[in-house]
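Hello,

Here is the structure for you to look over. My notes follow below it.

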Amino acid sequence: MNDSFLKELKKLQRTYMKMGITVSDQIYQSIKSFIDNDKKLARKIVEKDTKVNDEEVDLEKESLNLIALKQPVANNFRAIISLLKASSDLERIGDHASTIARETLRLKTENRMPDVNDAISQMSLKIRGMLESSLDAYVHEDEQAARLIAEEDLLIDKKFVLAKDIIIKDIEKDTNKIELVSSYLMVVRLLERIGDHIVNLSEWIVYNSTGKIVELNPGKIEPDLIAEEIKKDIK
Amino acid sequence: MTGILQTENVHLYYGENEALHGFDLNFNKNEITALIGPSGCGKSTFLRCLNRMNDLRTNVTITGSFKFNGKDIYSPSIDLTELRKTIGMVFQQPNPFPFSVYDNVAYGLKLAGMKNKHKIDKIVEESLKEAAVWDEVKDSLNKSALSFSGGQQQRICIARVLAVKPKIILMDEPTSALDPISSSKIEDTLVRLKKDFTIIMVTHNMQQASRISDKTAFLLNGDLIEYDSTQKMFVNPSNKKTSDYLNGEFG
């Protein structure tokens, strides 16, 4: 069974990597469509997301078959479980990107908030960096790298809080902007959630290497950290 | 968990050939321990040391210490029959005597000099119930044990061991000759039995080990490679050889 199991596993891992690259691209495109109010691009992203979802379902089916038929244990068991769990996080990240694209389609106004645009493109750049490093760490089974990536989520959380502040200050100035503001709030919230899912990816890399289920989300381990980070900046 | 059987620095030689290279293994009361490893790794040889089944083989030298509840089982003062009653064995092939079901289970009791028919009846029934075969044989207690299916025969053999009230039951691949349904009945039986007994089992069926054992010991070429809780062994073993073996990646 061994050889055929490893062959199948490698195949699924390749699918996972491909999914990861697609999802990273989805994040980039969805933020671009939102900032540029590019509805055509947004539509393309929404359509493409169905493909990612299908891929994820296939990957799930194949993984479950492998578990049932090959009955892997120890390292092989951890490999297949971490793949299964990580791929569902990846799929959720894709969903969030798609939701951002839908928001672009839904939003009637062409107005944008330039300050916040800057903030969200920075956030998305950072997030994609984390996601791509996470794919690297996955391939190399690099537990240490995975832990470092998770730590970076603190920065995303911080950027989220700061962006939210800008948005709320804006609405105080001009209450006609409610629709726009609520869209922006949603987008930054989704980006922040994507960061959390990337932390989950790290947790599955750690599980794969060590068999331990860990909580790596800095904001969850110590909720005060985010506020402290922001305070540091103000000083 | 209290220890019941301690072995230390176990070496076994077939003539000049060293088959067990000196390891320690301790077993806890009321646990199922699975001994796993490829054919020829020494697991059955080791199991047989635990109730001195190797005594009958010529040319076998065993060194090291084997202590059952603190007492050396290789001490000259040990009564072998008594020892094998306390540490019973169930074999790979069901091996009932060519007697009736009743006589099979009563055999050990009669051998021990028990004469009270009433008492024997009671123990026979209890043992067959404990071995989860009572319902299938209760109307044919006088039928030859050999007329039953392999799975039923194996459970009759388990009942025969249980009748003499052992403390430890050694099992050498007890289900390898059986179909999945019979195997699963025996597995259920073992899990139920462990509250009263301690079970040490050699198995080639990894899923069986992971399903029912509390501890797993992995032997390879006469060495103990790893011994830990079954959960640890099957999810995150410390030794790469263990995970390779469990996943069938040897060679």
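**What was found**

A:Ala74 is buried, with 23 other C-beta atoms within 10 Å (buried: 20 or more other C-beta atoms within 10 Å of its own; exposed: 12 or fewer; partly exposed: in between; C-beta atoms placed from the backbone). This is a predicted model: local features need pLDDT of at least 70, side-chain atom pairs count only at pLDDT 80 or more, and totals for chains, interfaces and linings use all residues. Residues are numbered from 1 along each chain as its sequence is written, while chains are lettered from A and ligands numbered from 1 in the order in which they are written.

A:Ala74 sits in helix 3 (residues 74-106) of chain A. Its phi is positive, near 50°, and it is not a glycine.

B:Asn221 also has a positive phi, about 45°, without being a glycine. B:Asn221 lies in the loop between strand 10 (215-220) and strand 11 (223-229) of chain B. It is partly exposed, with 13 other C-beta atoms within 10 Å.

Chain A has nine helices and zero strands (DSSP runs numbered from the N terminus: helices H or I, at least four residues; strands E, at least two). Of its 235 residues, 43% count as buried.

Now the interface. On chain B, 13 residues are in contact with eleven residues of chain A (contact: C-beta atoms, placed from the backbone, within 7 Å). Helix 8 (206-212), helix 9 (230-235) and helix 10 (240-246) of chain B each supply at least two residues of the side that touches chain A.

Best regards

Methods:
Contact = placed C-beta atoms within 7 Å.
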